[in-house]
Amino acid sequence: MNPHYEVLFEPVQIGPVVAPNRFYQVPHASGMTEANPRVRAAFRGTKAEGGWGVVTTGAVSTHPSSDDSPLPFARLWDDNDVRSHALSCEAIHEHGALAAIELWHGGAAVMNRSSRIAPYSPSGIPWMATHVGFMGNLRPRIMDSGDIRDVIRWQAEAAQRAVRAGFDIVYIYAGMGYLGYEFLLEEYNQRTDAYGGSVENRTRFVRELIEATRDAVGDKCAVALRISLEELRARPSDNYETAAHEVVSLMAGLPDLWDVKMDSSPTDCGASRFREEGAHEPVIDFVKTMTDKPVVGVGRFTSPDTMVSQIRRGVLDLIGGARPGIADPFLPNKIREGREDEIRECIGCNICISSWHDGVPVRCTQNATAGEEWRRGWHPERYDPAGSEDRILVVGGGPAGLEAGLVAARRGYHVTIAEQAPEFGGRLRYETALPGLSTWGRVADYRLHALRQMGNVDLYAESELGVEDIVGLEHQHVAIATGARWTRMLYSSLEIPLGELDAAGVYTPDDLAAGEMPEGPILVYDFDNYYLGGAIAEQLSRAGGEVVYATPAGHASAWTIMTNEQPFIHQALHQQGIAVHTQALLKEFNGEEVRLENIFTGEPQLLAAQSVVIVGLRLPNDALFHALEARAEDLASAGIKSVQRIGDCLAAGALVHAVHSGHLYGRSLDEESETLYLRDAPIVETPPGPVL
Ligand code: ADP
Ligand code: SF4
């Protein structure tokens with residue numbers, strides 16, 4: 001280990017327990033509920049194995065009045081739920097790490113759609129979140145003193161169950177709009193009793209939760225407080241610099257650990273496009289000056305130098321990680337073993353959080369094994385040895401091809417990757433040059449760095465392969481990873497494809513990637529709805545073009561609500577002076593003007609445009625695959641046993657899908673079917689045995 005990093009491996013006392021090092025996997029949404037106890041046990045056990053000293057659950061509801069459905073959440077409502085959490089504790093303890101549980105009451109930020117219990121709140125004001133619709137849902141009740149006592153009792157009872165499940169650290173959650181936090185903020189807490197008014201009164205509910213939790217767990221477990229400080233820090237206070245200082249000072253010595261964070265998902269879990277590593281520091285930096293208890297915080301830390309700096313400068317005691325540990329569960333061990341260059345660094349794309357918004361177990365662009373540890377039996381660092389001496393040829397060196405080649409090579413196969421362009425990286429070659437997207441280059445960098453260390457890998461750039469080349473290359477398995485192309489396809493309405501707009505002045509992202517520069521005024525017409533249309537509009541505008549953005553969706557880059565990027569994309573387009581037209585269908589383009597029509601009312605709008613960039617439908621580049629298919633006999637006589645499409649060449653999608661597809665290919669080599677890897681009960685598991 002680099003001696004400079006030794007400080008990261010010092011043990012830290014947290015109340016009655018000791019964290020073996022400073023790597024702390026903070027609570028994070030994983031999309032794993034009581035229906036997936038083995039999935040989450042394997043997911044968390046893998047992080048402990050990778051060296052995280054503390055591994056925490058995501059939010060665990062204390063009572064049916066904290067019901068976030070249809071979003072996925074865990075629960076500890078009664079004794080029947082103990083056993084499923086015990087599985088996680090066992091998996092974490094097996095590797096010497098501490099197990100922590102984030103007990104949670106969602107208050108007025110959950111809708112109790114399943115339990116149909118009127119949500120709990122200090123003053124009847126629902127939490128306005130960017131990602132949850134409220135209309136049609138039950139409004140929250142104003143808690144009376146009996147309700148307050150109930151919530152505190154439910155926390156204490158859940159804490160006792162947590163002890164029985166085997167947890168070492170038990171949380172009180174007062175962040176991100178959930179119940180404890182609603183009591184802290186004066187706008188949400190307008191009570192006139194002992195729980196409202198002064199800051200001291202507004203902290204009373206949280207203080208009582210802490211005290212009740214401590215009484216429940218005794219000296220067996222540490223008690224942690226998770227708190228959001230962004231809004232509190234932003235407001236003035238009479239006695240202290242800010243309300244945040246006052247809140248922290250009033251509770252400074254109460255919990256055994258402070259877990260400090262931002263307020264809303266877009267700032268707390270900021271995408272790298274808009275937030276640097278360590279972006280939380282200006283909000284949370286004061287906490288350590290006000291308490292002698294250890295403090296943990298996050299900031300998408302992947303650089304050990306940044307981590308050491310956080311410790312040395314007295315910002316944090318424990319390096320919190322959610323995304324860095326999803327992308328590389330073995331990050332701590334790699335630092336300890338002096339293998340920093342092998343860290344699979346998080347790219348900050350937030351596909352992981354989008355999985356939670358989608359209601360499914362976590363997915364990660366960089367780490368295809370995340371969430372698949374139990375379901376497919378994939379380990380992030382270990383692979384089954386090659387099943388034969390077969391040689392693997394990968395055609396196309398984009399994310400799918402590089403991942404397929406890397407997994408196959410790690411299994412011991414001899415791998416050749418041929419790429420027609422001078423550089424590897426596929427779509428990343430162009431896209432990482434767009435505003436804010438350079439960090440995404442880590443997808444190619446990590447894989448190329450690893451591949452270049454290996455003796456059983458040949459990498460050929462500037463090598464476009466055709467059918468004859470492939471037949472002559474004497475490889476037994478061929479993966480076609482030739483990507484996808486952007487089309488000029490338009491839709492006549494929400495559903496019906498109209499055909500391609502093949503006119504002068506019409507461009508696709510592929511044309512821009514090839515170096516073409518449209519003449520202004522430019523309309524960027526986006527119905528892909530992910531990041532690319534917005535990023536291209538921003539880039540063309542920065543390059544001096546007069547740019548207008550239009551989309552049939554209700555927002556620019558509409559799907560990025562799932563990745564926490566949408567507010568900042570709107571801000572970026574606004575700052576760039578780009579007019580945004582939503583609910584707009586592109587109907588006509590004559591080289592000087594475009595005609596848009598409102599998707600609902602049909603109201604037309606004419607805009608000046610010399611060029612149109614269509615960011616819409618992508619289709620696979622599968623001509624080579626089909627040409628090979630047509631030569632089955634020649635392939636057989638050349639000893640080629642399989643030809644398969646992977647990544648965008650199979651089905652065009654986001655980077656996360658391409659990497660997963662490449663990974664699946666590498667893992668499945670010499671298997672009869674990729675589905676053999678799925679467990680019998682792949683997604684919904686049966687409950688794991690009797691109650692403790
Ligand atoms: P994916 O995301 O599925 O990896 P990409 O489009 O990012 O797809 O990458 C596909 C890569 O395949 C591109 O870098 C492209 O240049 C390369 N490619 C396409 N056709 C050939 C070919 N016939 N021979 C070698 N490389 C190819
Ligand atoms: Fe990081 Fe993206 Fe993986 Fe999330 S999905 S952990 S942001 S690389």
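Author: A polar contact is a pair of N or O atoms within 3.5 Å. This is a predicted model, in which local features need pLDDT of at least 70 and side-chain atom pairs count only at pLDDT 80 or more. Residues are numbered from 1 along each chain as its sequence is written, and side-chain values use heavy atoms.

Reader: What makes the approach of arginine 429 to ligand 1 a polar contact?

Author: A polar side-chain atom of arginine 429 lies 3.1 Å from an oxygen atom of ligand 1. The limit is 3.5 Å, so the pair qualifies as a polar contact. The side chain of glutamate 419 also places an N or O atom 2.6 Å from an oxygen atom of ligand 1.

Reader: Why are helix 1 and helix 2 called roughly parallel?

Author: The axes of helix 1 (residues 37–49) and helix 2 (residues 82–93) cross at roughly 20° and come within 8 Å. Angles under 35 degrees count as roughly parallel, over 145 as roughly antiparallel, 65 to 115 as roughly perpendicular and the rest as oblique. Helix 1 and helix 2 are therefore roughly parallel.

Reader: Which residues make the contact between these helices?

Author: Contact means heavy atoms within 4.5 Å. Helix 1 contributes residues including Pro37, Arg40 and Ala48, and helix 2 contributes residues including Ser84, Leu87 and Ile92.

Reader: What is noted about the phi of asparagine 112?

Author: Most residues other than glycine have a negative phi. Asparagine 112, which is not a glycine, has a positive phi of about 50°.

Notes. Chains lettered and ligands numbered in written order. Axes fitted to C-alpha atoms, helices over the stretch in contact; angles between N-to-C directions. Helix = DSSP H or I, 4+ residues; strand = E, 2+ residues; numbered from the N terminus. Polar contact = N/O pair within 3.5 Å; in protein donor to acceptor, adjacent residues only side chain to side chain.
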